[in-house]
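Here are my notes for a first look. Please read them with the model open.

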Amino acid sequence: MGFPEFVVVIASIMALNPLAMDMMLPALPNIASTFHIQIANRPQAILSTFLIGFGVGQFVMGPLSDRFGRRAVLIDGMALYCIASLLAIAAPSFETLLLARALQGLGTSATRVIATSIVRDCYAGRRMASVMSLAMMVFIAVPVIAPSFGQVVMLLTQWRGIFIVLMLYGTLALIWSALRMPETLPLSERKPLTVRGILGAFRQTITNRQTLGYALAAGCVQGALFAFVFSSQQVFTEIYKLGHYFPLAFAAIAVGVAIAGFLNARLVGRIGMRVMSHSALAGFVAVAVIMFIAVKADMLPLPLFMALGALMMFSFGLMFANFTALAMEPHGHIAGTASSLYGSITTLLGIGVGTVIGQDYNGTLLPFATGFLLCTLAAFAVVAVAEKGRMFTPHGSTVSGPS
């Protein structure tokens with residue numbers, strides 16, 4: 001497989017997750033109507049349940065891939081995703097739909113862990129960050145178009161049609177991966193699947209200061225992002241009265257993260273992961289402070305909210321791939337398990353924080369602005385501790401090629 005196809009395949013399997021998340025946003029009111037849900041914030045469970053399955057699944061996908069290889073776990077996870085999509089299409093109740101969403105999340109946990117592990121199998125250091133950024137450009141473009149795509153599907157059919165689209169995409173990605181994705185973990189590098197071995201690998205991962213610090217920081221950052229996603233449909237339709245145009249506003253904000261992914265892929269090799277991500281984190285804090293002040297002063301019109309939202313996404317795009325590369329850098333020998341634990345920590349922490357903020361939505365932006373600020377300050381503090389105060393410097397970075 002050539003390098004361009006490698007990047008695109010990695011991005012396509014990673015895209016299963018955001019596609020399943022963000023295509024659902026326009027459908028939440030219709031699903032609530034179908035199942036006669038009266039509690040305003042309860043439809044957010046369609047998103048959070050999916051992410052819980054995604055977060056929990058990552059605990060097991062890494063050790064399984066370190067034992068049985070990347071391909072088998074990847075293909076089984078994608079098959080589960082397609083089966084769960086069928087269950088969602090036929091769901092007779094809201095509870096069944098939530099079960100299907102949890103299974104979808106479990107299936108995509110394999111794609112996320114395996115994609116990161118495959119990249120780590122092949123690259124290290126700044127080269128890994130560059131490859132991850134290139135994949136993230138495609139991966140991140142999905143949230144830009146997914147809500148609008150979901151809205152188009154809703155205009156042509158009803159919300160179950162979205163799951164038909166998700167199943168078809170998952171099937172195509174499964175076939176492509178089965179035909180073209182090579183096994184990147186040699187038999188000689190595979191680890192036995194024992195409780196002692198798994199716990200030992202988890203211990204190595206979680207006791208590494210750099211890995212744990214960036215995992216916690218990424219979780220805080222994702223908490224702010226998930227809070228925005230969970231409440232975005234309500235914010236745009238209830239506060240700013242955009243109605244069916246809300247996917248366009250969401251897409252305009254999400255463009256910032258795609259631009260960041262492109263810039264990061266071009267610049268990280270020269271500037272370094274730490275300088276890029278720490279500068280973006282400082283910008284993230286500045287955006288959160290400005291938004292909080294504007295909300296408290298009741299001076300946050302739609303154009304300003306859109307601008308701050310785009311800057312928030314831009315900063316996130318510069319941080320996340322680099323945080324992942326920095327966290328994974330010390331663990332090439334246990335890439336699957338390290339990726340698994342890292343993904344679980346960041347996702348579950350992000351879900352917990354994002355759900356609390358999202359469920360606090362009260363018709364105003366104050367809960368989100370407050371939660372956003374607290375998340376960013378916590379992330380900055382954790383990174384500062386992890387780096388022992390040596391922020392914005394390229395210490396410890398390596399320039400490595402294929403490994």
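Which residues form one aromatic cluster?

1. Phe228, Phe236, Tyr240, Phe246, Phe250, Phe284, Phe305, Phe368 and Phe372 do. The model is predicted: local features need pLDDT of at least 70, side-chain atom pairs count only at pLDDT 80 or more, and totals for chains, interfaces and linings use all residues. Residues are numbered from 1 along each chain as its sequence is written, and side-chain values use heavy atoms, without hydrogens or water.

2. The whole structure holds 16 aromatic pairs (rings of Phe, Tyr and Trp, the last by its six-membered ring, with centres within 6.5 Å; planes under 30 degrees apart are stacked, over 60 edge-to-face, the rest tilted). One of them is Phe228 with Phe250, stacked at 5.9 Å centre to centre and 20° between the planes. Phe228 sits in helix α10 (residues 209-239) and Phe250 in helix α11 (residues 246-271), 22 residues apart. Helices are DSSP runs of H or I, at least four residues, numbered from the N terminus. Both Phe228 and Phe250 are buried (under 20% relative accessible area, 1.4 Å probe, protein chains only).

3. Now helix α4. This helix covers residues 45-68 and spans 33 Å from first C-alpha to last, close to the expected 34 Å (1.5 Å times one less than the number of residues). A kink of about 35° is centred on Gln58, taken between axes fitted to the seven residues ending there and the seven starting there. Of the 24 residues in α4, 17 are buried. Gly69 follows, with a positive phi near 95°.

4. For Cys220, the nearest cysteine sulfur is that of Cys375, 6.1 Å away. Cys220 is buried at 14% relative accessibility.

How values were computed:
A disulfide is a pair of cysteine sulfur atoms within 2.5 Å. Buried means under 20% relative accessible area, exposed over 50%, partly exposed in between (1.4 Å probe, protein chains only). Helices (H or I, at least four residues) and strands (E, at least two) are DSSP runs, numbered from the N terminus.
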